[in-house]
Structures are given as C-alpha cells and as structure tokens.
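Please keep the sequence and the three-dimensional view at hand while reading.

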Amino acid sequence: MTAFGKHTDDAVLWNAFRGGDEHAYTELAKRYYRTLFQYGQRFTPNMQLIEDVIQDLLVHLWLRRATINETPSVKFYLIKAFRHRMLKTIKPLSEETGLTDECDHLLPEFSSEDSWIGRENDLALKKQVHTAIHQLPARQQEVIYLRFFQNLTPEEIAGLLAINAQSVSNIIQRALSNLRGLWRTPPSISVILCSFCQISSWL
C-alpha cells in the first residue's frame with residue numbers, strides 16, 4: 001500500500017486516484033475541501049448547499065475516475081469543476097437570489113468564519129483590505145480572489161470564466177486601481193499586493 005500525506009505531490013495523488021487508490025482520493029479531498037468551501041461562499045451563504053455540492057462533486061469524481069484525464073493543475077481542475085456544479089445548482093434559485101451564470105450579482109465573502117481577519121496583527125490593514133475588496137464589482141472580486149488568494153494564472157482564470165487572458169489582466173488592473181481609490185490613504189500597488197500575500201497565507 002502506498003503511503004500518501006500532505007507533502008505528496010498533487011500529480012502523484014491525481015494519477016493514483018485515477019487508478020482507483022482510495023487513499024489518494026481521500027488525501028485529495030482533505031487537501032482541497034477547504035479551498036472549495038471558501039470559494040463556494042462567493043456564490044451563496046448557504047453552507048449546507050456548499051457542502052452538498054462539494055460532496056456531489058467528490059462522488060462524481062470517484063465514480064468517473066477511470067475516464068478522468070491527467071491535468072497540469074489539480075487545483076484548477078477541481079475549482080473549475082466545482083464552479084460549474086455550483087452555478088448549475090444555484091441557477092434555479094436565480095430569481096430569488098439574483099444570481100446569474102455570469103455571477104454579475106455575487107456578493108463574495110473573503111473569509112471563512114472571519115478566520116483570515118481574526119488575528120490581532122495588522123488588524124487595521126486587514127479591515128481596510130476587507131472593506132475595500134467588498135466595494136469592488138463582483139467580477140473584479142472573483143478575479144482578485146482567484147488570482148491572489150488561489151494563485152491561479154491569468155490563463156487559468158480565463159478558462160474558468162470563459163474570457164480571454166487579456167480581459168483577466170484588464171480586470172485585475174481595474175480592480176487594483178479601484179482598490180487604491182477606495183483606500184483611506186491610497187497606498188502603492190506594491191503595498192496592496194503585499195497585503196494580499198499576507199492575507200492569503202492565513203487561509
């Protein structure tokens with residue numbers, strides 16, 4: 001029996017899972033459950049619905065493991081698959097929630113039970129970041145989250161959102177410009193990016 005742990009490379013786990021290894025499958029589920037759950041909060045505050053969609057995705061992956069292809073990025077594959085299922089799940093509720101396939105009316109929450117703003121250090125900075133991000137348009141919020149909090153490349157984000165990479169770059173630039181305008185005392189772009197790195201390291 002192969003031993004898998006938190007230091008095992010994603011590609012090794014993925015290929016073992018595709019080959020039917022339950023331990024590799026379990027390790028992947030543990031590794032990315034929190035990431036998917038946090039991303040799900042960008043779509044709905046209904047935690048039970050998010051958990052249901054994650055479970056549905058995990059079951060689907062296990063049942064279809066023999067036909068799933070290799071991937072250069074397990075994280076991107078799982079986020080994309082989860083996003084598709086989440087949008088499909090909440091679409092029937094769009095009239096009640098105001099959600100659309102393009103997520104134009106999403107109200108993302110950039111914290112899980114306020115975990116990333118719960119630390120005492122740099123509390124003022126975190127509050128400013130939190131407040132400023134939530135004033136951005138929904139699409140800018142999502143792109144900022146995927147780029148700086150999940151470290152997806154512009155090309156991966158473009159594939160996820162069905163837009164081109166240049167559009168992703170433009171959205172990021174507009175978001176960073178808007179953030180500077182929303183700040184009490186406008187910092188440099190480098191300071192904003194540094195604050196993203198600090199926050200994402202706590203997720």
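## Report on the predicted model

Thr35 has its place in helix H2. Is Thr35 buried or exposed? Thr35 has a relative accessible area of 14%, and because buried means under 20%, the residue counts as buried. When neighbours within four places in sequence are set aside, Thr35 is in contact with Ile79, Tyr145 and Gln150.

**The chain as a whole**

The secondary structure of the protein chain consists of 10 helices and zero strands. Read from the N terminus, its elements follow the order α-α-α-α-α-α-α-α-α-α. The chain has 203 residues, of which 45% count as buried. Its accessible surface comes to about 11000 Å², and carbon and sulfur atoms account for 51% of that surface. Among contacts between residues at least 6 apart in sequence, 63% join residues at least 24 apart.

**Aromatic rings**

How many aromatic pairs does a search of the whole structure find? The search finds nine. One of them is formed by Trp14 and Phe17, a tilted pair with 5.2 Å from centre to centre and 55° between the planes. Both residues belong to helix H1, which covers residues 10-18, and they stand three residues apart, about one turn of the helix. An α-helix has 3.6 residues a turn, so residues three or four places apart point the same way. Trp14 and Phe17 are both buried.

A further pair is formed by Tyr25 and Trp62: the ring centres are 4.9 Å apart and the planes meet at 45°, so this pair is tilted. Tyr25 lies in helix H2 (residues 22-40) and Trp62 in helix H3 (residues 47-63), so the pair ties together parts that are 37 residues apart in sequence. Tyr25 is buried, and Trp62 is buried as well. Trp14, Phe17, Tyr25 and Trp62, together with Tyr77, form one aromatic cluster.

Rings also take part in arrangements with charged side chains. The charged end of Arg65 sits over the ring of Trp62, at 4.0 Å from the ring centre. In a second case, the charged end of Arg42 sits over the ring of Tyr145, 3.6 Å from its centre. Tyr145 has already been named among the contacts of Thr35.

Helix H8 spans residues 154-161 and is mostly covered, with six of its eight residues buried. Which residues of H8 are buried? They are Pro154, Glu156, Ile157, Ala158, Leu160 and Leu161. The cover over these residues includes H2, helix H4 (74-90), helix H7 (138-149) and helix H9 (165-182).

The C-alpha atoms of Ser169 and Pro154 are separated by 6.7 Å, while the two residues are 15 residues apart along the chain. Ser169 lies in helix H9. With a relative accessible area of 29%, Ser169 is partly exposed.

Asn151 has a phi near 60°, a positive value in a residue other than glycine. Ala162, which comes just after H8, likewise has a positive phi of about 60° although it is not a glycine. The table sets out where these two residues are found and how accessible they are.

| Residue | Place | Relative accessible area | Class |

**Confidence of the prediction**

The mean pLDDT of the protein chain is 78, and 72% of its residues reach 70 or more. Which element has the lowest mean pLDDT, and which the highest? Helix H5, covering residues 94-97, has the lowest at 48, whereas H1 has the highest at 94.

Two stretches call for caution. Over residues 95-121 pLDDT stays under 50, and for this stretch the model has 56 contacts beyond four places in sequence. Over residues 199-203 pLDDT also stays under 50, with 14 contacts of that kind in the model. Where pLDDT is low, the predicted coordinates should not be read in detail.

Note on methods:
Residues numbered from 1 in each chain as written. Predicted model: local features only at pLDDT ≥ 70, side-chain atom pairs only at ≥ 80, totals over all residues. Heavy atoms only, no water. Phe/Tyr/Trp six-rings, centres within 6.5 Å; stacked < 30°, edge-to-face > 60°. Helix = DSSP H or I, 4+ residues; strand = E, 2+ residues; numbered from the N terminus. Buried < 20%, exposed > 50% of the residue type's maximum accessible area, 1.4 Å probe, protein only. Lys NZ or Arg CZ within 6 Å of the ring centre and 35° of its normal. Contact = heavy atoms within 4.5 Å. Areas by Shrake-Rupley, 256 points an atom, 1.4 Å probe, with all protein chains shown as cover. pLDDT = per-residue confidence, 0-100.
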